[in-house]
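Have the sequence and the coordinates open side by side. The text below walks through charge pairs, the chain contact and a few local features.

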Amino acid sequence: MIGVAVSSAERLDTALSFRPPDRVPFFLPAHLQAARRLGLGVRECLETPEHVVAAQLLLRDWLGHDVVSAAVPAAFELEPWGGSVEFVDNGPPVAGPPPMEPDDIPTLEPPSLSDSPRLLGALRAIEMLRARVGDAVPVMGSIVSPFSLPLIQLGFERYLEVLVERPAEFQRLMEVNAAFCLEWATAQVNAGATMIAYYDPMSSPTCVPVDTARELGLPIARRLLPFIGAPFAVHFASGHSIPLLDDLVALGATAVGIGAQEDVAVALERSRRRIGIVGNLNGVAMCGWSPADARAAAAHLRAAGAGGGLIVADCHGEIPYPVQDDILSTIAETIRQGAPEAGD
Amino acid sequence: MTTTDAGSPAPAAASLVDCLLRNDRVAARALAERWAGQRGPFPFIDDVIVPALDEFGRRWETGGVALAQVYMAGRICELIVDELLSGGAVARRQVPRIAIAAVSDQHTMGKRVVSLAVRAAGFELVDYGAGVPADTLARRASADSIEVLLVSALMLSSALEIETISRHLARSGGATKLIVGGAPFRLDPTLWRRVGADAWGPSASDAVHLIADVRGES
């Protein structure tokens, strides 16, 4: 392969086939920093498909990472259900108050994507990104899982009450959410997304016991994900993942995001070359890192991923706004230095 | 009904942990009736409930229990304490004046589990709600002469806003102690100092001890 340029898609494919890549693939979802570099506000950048595309292409040019993404903030996915989106200047938009009550569930129907301008905008961004990068760079879409969406539909506390005490409403809610999630995921794939990030923090052992995830969360994923028409990665949004690795292999996931407090070496060992590992830079700690800290963290992951099976990324799916550009540049440069020397 | 000795606190706390892990409210309530009936509500709260919730806190920190289990345990303990104190013969602890809020965003679970732990320890507390802007929260705490303000944040952007609260409280004389918690503080154990808090705790049950610590009572 000497002298032959390796595309990002080929690099990811090699790593996810558990063979040594030319260098460890990485992805820093720094769209908030990209907005800043473009001179745009967070809202202005996220709501306009052309700005989303410009931000993603800027990140490719600046960092040289291996994925472009039109993943939307979770708050956007709440909007079709009657939820509101609250923008702040120094971070991602957050969901407004939960729009639903448990008593609403029996008559609940899945909303239509056509009623959600922001999600339609995301589809347009995917189309444009795919047109720009073709097959050379994976285009990532995302969905919040049917099992986790109620965290913002109902709020955690009311959701737990439904989950524990109202099984009929729980089942109904899962059916309705799964119908919406399937439409939303397949629309992204049809628009050009080549992989889907399935955000399911509620199934993480951080949120519910492993048995509950196996009994409730993962069966819903099993009924949904085989039908979206693209490879998928499961992400628990900073929650722990390692106790569920075998279950995620059985689910057919291509990769899984691990938490910042989990050990990437343990995750790779327990994955036993069956599922890729994504992570696990600590985005919150990154806000206070020096360039030396960034270099050390990136070098550690670069070494861990040299044999394949690892995509270096943050642990949450979004680089926090306060993280400075020089830190991201240092991480990217360290990863891009290529296959690590022995003992690196 | 046969009266048997309630036994020493440590085994009772261990029994309560077992009940809470099984989500068995009936058994937990029976344990409370037996123990508190013989020793009084506050010895039961201090010697059985608080250690039981501390055990949940330890397990939460090591991944031994999930957030949903911490919540359900706190909820059962809150109901028990409500019942123990509902007759009016014994009042909740009114000192110090405590308030709690989730700053700026609508993620309420952290606030709720801390509220449950604090109320399960017999304290009264004012709930300022969720999505409260930092400056509003600081003004309300000062106006209400709050002595300990508990602030929960899930989003990093919300956690960083806590600095606005700490600055306001310092300008107001520093009589209000600020305790913070939430995912950003777990991911960066130096963050609580950077936002000017007086203390932080990785688990809900820590709040009960931190309330005493920041007031110099422990």
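A salt bridge here is a side-chain nitrogen of Lys or Arg within 4 Å of a carboxyl oxygen of Asp or Glu. By that rule the whole structure holds 33 salt bridges over all chains. Side chains of opposite charge can pair when their charged atoms come close.

This is a predicted model, in which local features need pLDDT of at least 70 and side-chain atom pairs count only at pLDDT 80 or more, while totals for chains, interfaces and linings use all residues. Residues are numbered from 1 along each chain as its sequence is written, chains are lettered from A and ligands numbered from 1 in the order in which they are written, and side-chain values use heavy atoms, with hydrogens and water left out.

Start within chain A. Glu101(A) and Arg158(A) form a salt bridge at 2.7 Å, N to O. Glu101(A) sits in the loop between strand S3 (94-95) and helix H6 (117-133), and Arg158(A) in helix H8 (residues 156-165), so the pair ties together parts that are 57 residues apart in sequence. Helices (H or I, at least four residues) and strands (E, at least two) are DSSP runs, numbered from the N terminus. Glu101(A) is partly exposed at 42% relative accessible area, and Arg158(A) is partly exposed at 22%. On this scale buried means under 20% relative accessible area, exposed over 50%, and partly exposed in between (1.4 Å probe, protein chains only).

Another pair in chain A joins Arg166(A) and Glu169(A) at 3.2 Å, N to O. Arg166(A) is partly exposed at 26%, whereas Glu169(A) is buried at 17%.

Now turn to the chain contact. Which side chain of chain A meets Arg75(B) at 3.3 Å? The partner is Glu165(A), in a salt bridge. The pair crosses between chains, from helix H4 of chain B to helix H8 of chain A. Arg75(B) is buried at 15%; Glu165(A) is partly exposed at 37%. Arg75(B) also meets Glu161(A) in a salt bridge, at 3.8 Å, N to O. Between the two chains the count is four salt bridges. A network of salt bridges links Glu157(A) with Glu78(B), Asp82(B), Arg112(B), Arg119(B) and Glu124(B).

The contact (heavy atoms within 4.5 Å) takes 25 residues from chain B and 29 residues from chain A. Together the chains bury about 2,200 Å², 64% of it on carbon and sulfur atoms. Buried area is the accessible area (1.4 Å probe) that two parts lose on being put together, summed over both. Gln106(B), Leu156(B) and Leu187(B) supply 26% of the area that chain B buries against chain A, more than any other three residues.

Last, look at two local features of chain A. Ser241(A) lies in the loop between strand S6 (232-235) and helix H11 (245-251). Ser241(A) is buried, with a relative accessible area of 0%. Its side chain reaches the backbone oxygen of Gly257(A) at 2.6 Å. Not counting residues up to four places away in sequence, Ser241(A) touches Phe236(A), Val256(A), Gly257(A), Ile258(A), Gly259(A) and Glu262(A).

Helix H9 of chain A runs over residues 167-191. The expected span of a helix is 1.5 Å times one less than its number of residues. For the 25 residues of H9(A) that gives 36 Å, and the end C-alpha atoms are 36 Å apart, which agrees. Gly192(A) follows H9(A), with a positive phi near 130 degrees.

Methods. A polar contact is a pair of N or O atoms within 3.5 Å; within protein, one must be able to donate a hydrogen and the other to accept it, and residues adjacent in sequence count only if both atoms are side-chain atoms.
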